[in-house]
Amino acid sequence: MKDWQHQRLQYLTWDRTPQDIDNPEHRARQAELGERAGARFHPSAYVAADAAIFTTRLVLGEQSWIAGHALVRGEVTFGAHCTVNPYAMISGKVTCGDGVRIASHVSLVGFNHGYDDPDTPIYRQKHEALGITIGDDVWIGANAVVVDGVTIGRGAVIAAGAVVSRDVPDLAIVGGVPAKVLRFRGRGRRDETPAQLQALGERAAAQFQGILKRNRTDGDYLSRENHGESRRSIRHLCDAIEIAAGFGGVPDGLDVPAAIARLQAVQDPDTGLFPDPYQPPKPDMAMRDDGLALYNVLAVGYALEVLGSQPQHPIPSVELSAPYLCQWLENLPWRSRAWGAGAGVDAIGTALYFNARYFTTGHARDTLFGWLALNQDRASGLWGSPTRGEGLLQPVNGFYRLTRGTYAQFGVAVPRPEAAIDSVLLNYRNYEGFSGPTYTACNLLDTIHPLLLCLGQTDHRRAEAEQIARAVIARAGQRWVDEQGFAFADGQQPGLQGTEMWLSVVHLAARLLGEDDAFSFVPRGVHRTQAVGLGL
């Protein structure tokens, strides 16, 4: 009977009893593992006799167990109520939350062999261990494989035979080789997103005129987001016009003809660019090197369109021959500040849009799109280089600006959309959803717009993008400050820039989900989503 029970516990370890756990033989086994394998056990944890434990560190939590013939090696932590079935193999650095179920023949491989150097035999190259992190309440089915560097979110289910090489969102059910999100647990329950959109839209629609008035002093719209300090810029008049237009109106008290005249007067008739009257370029600076003069091509140009007008002059600065335009593009800071380089392309593309729509244009658009096609990184789907301090943040943010003014504006397909989606999602993961001091409307815009744009061409990782969109919408309602609007970033005061940008982010997230009808704000200027084409 004792031999039968011993064998039974190797395979049906869930049949263990308190007597089996407190058995002197089992306690002696745990004590030996504590000395030889760096193990610590909750008093209710159990390790079957035939389990192969060769760890440098092992933690086994309350009511957790490891069955016979399972192999556990490396640095492994299990929370409470975790189970490891026979013939599972857990290697390297693996951290599990509570309630993790690991089926038979699962492989969790929390390390990797180096192989990048083809001149060095693989067995001589260094190992690396990024580790595997598994959240609470996760079920990993039989024969599944999870590779190093993966994080599996809370409540996820990994189908039998899946090979998981990318992060798994909370509550996702994934399967296949490589594993993809099939659906989400509980998705059939009532979706709160439409109600969240409607509630935020109603609050914003009822309050936006008061918010505009609050940010107006002596006839000028100001930004008070930098710790309440007032800052003048023509952009803030444009923000006010765009906020009102998003709700189908104009700012209360705005003299539209006077506003059009004021905005048109910003444009430099020689270059066609729009230097800021409050912050003009330095005397020794070429106007096209001034960031505000370029950005205002968007801000002022679209505000004029929203008011039913247009720029007064063409923009000859961008109508360059191929060698000169390519030289301009190549001199942008792609290696050090890809965001700024993308912003430059955004302004060039938008200037070409205005020329094509209202004036005349040559072949500069052909040159621009040709240069972009040749200079996209084939692996990342982005333009520009990551940086040591920020990783992919600069090229991901630059991807939004670049594609906004070119591919999105002219209705041209983005090359390599799947690679771009992978990069955007990786960057989002690395910055933990842009939480804390980096949680800004701009960073979220640089995530949501690229995902929306690329998902118009492919369904690649759509479920993960949808989860981000739902999280953005849910958090937006909590960030809105009644009668003040949105702050651009954590720690700042609510203001016009933050309000316009956050409302646009929410619209884009809703559009990604196909729920934009539930939100009353539709961006009609800088952050509009409809392409114009114009013959391209």
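A salt bridge is taken here as a side-chain nitrogen of Lys or Arg within 4 Å of a carboxyl oxygen of Asp or Glu. The side chains of glutamate 464 and arginine 461 meet this criterion in the predicted model, with an N to O distance of 2.8 Å. Both partners are buried. Glutamate 464 has a relative accessibility of 12%. For arginine 461 the relative accessible area is 15%.

The overall architecture was examined next. The model is a predicted one. Its protein chain holds 536 residues, of which 53% are buried. Secondary structure comes to 15 helices and 22 strands. The C-alpha trace spans about 95 × 60 × 40 Å along its principal axes.

The search of the whole structure finds 18 of them. Side chains of opposite charge can pair when their charged atoms come close. Arginine 27 is partly exposed, and its relative accessible area is 28%. A further pair joins glutamate 32 to arginine 36, at 3.0 Å from N to O. These two residues share helix 3, which covers residues 24–36. They are four residues apart, about one turn of the helix. Glutamate 32 counts as partly exposed, at 41% relative accessibility. Arginine 36 counts as exposed, at 68%.

Aspartate 290 lies in the loop between helix 6 (256–266) and helix 7 (291–306). The residue is buried, yet it has no salt bridge. Lysine 282 provides the nearest side chain of opposite charge, 8.6 Å away. That distance is beyond the cut-off, because a salt bridge needs the nitrogen and the carboxyl oxygen within 4 Å. The side chain of aspartate 290 does have a polar neighbour in the backbone. One of its polar atoms lies 2.8 Å from the backbone nitrogen of alanine 293.

On the surface, negative charge gathers in a patch. The patch consists of Asp116, Asp117, Asp119 and Glu128. Glutamate 128 belongs to strand 11, which covers residues 127–128. Its relative accessible area is 43%, so glutamate 128 is partly exposed.

Threonine 403 sits in helix 11, residues 393–410. Threonine 403 is buried, because its relative accessible area is 0%. Its side chain reaches the backbone oxygen of tyrosine 400 at 3.4 Å.

Backbone geometry was inspected at several loops. The peptide bond from valine 177 to proline 178 is cis, with omega near -10°. Proline 178 is placed in the loop between strand 18 (172–175) and strand 19 (180–184). Two residues other than glycine have positive phi values in the loops described next. Tyrosine 87 has phi near 70°. Its loop runs between strand 6 (83–84) and strand 7 (89–96). Tyrosine 87 counts as partly exposed, at 40% relative accessibility. Aspartate 218 has phi near 50°. This aspartate is found in the loop between strand 20 (216–217) and strand 21 (220–226). Aspartate 218 is exposed, with a relative accessible area of 74%.

Phenylalanine 54 is found in strand 3, residues 52–60. Its relative accessible area is 60%, so phenylalanine 54 is exposed. Phenylalanine 54 and glycine 38 are 16 residues apart in sequence. In space, their C-alpha atoms are 9.1 Å apart.

Methods:
Residues numbered from 1 in each chain as written. Predicted model: local features only at pLDDT ≥ 70, side-chain atom pairs only at ≥ 80, totals over all residues. Heavy atoms only, no water. Patch = residues over 30% accessible without salt bridge, like charges linked within 9 Å, V, L, I, M, F, W, Y side chains within 5 Å. Areas by Shrake-Rupley, 256 points an atom, 1.4 Å probe, with all protein chains shown as cover. Lys, Arg positive; Asp, Glu negative; His and termini not counted. Charge placed at Lys NZ, Arg CZ, Asp CG, Glu CD. Buried < 20%, exposed > 50% of the residue type's maximum accessible area, 1.4 Å probe, protein only. Polar contact = N/O pair within 3.5 Å; in protein donor to acceptor, adjacent residues only side chain to side chain.
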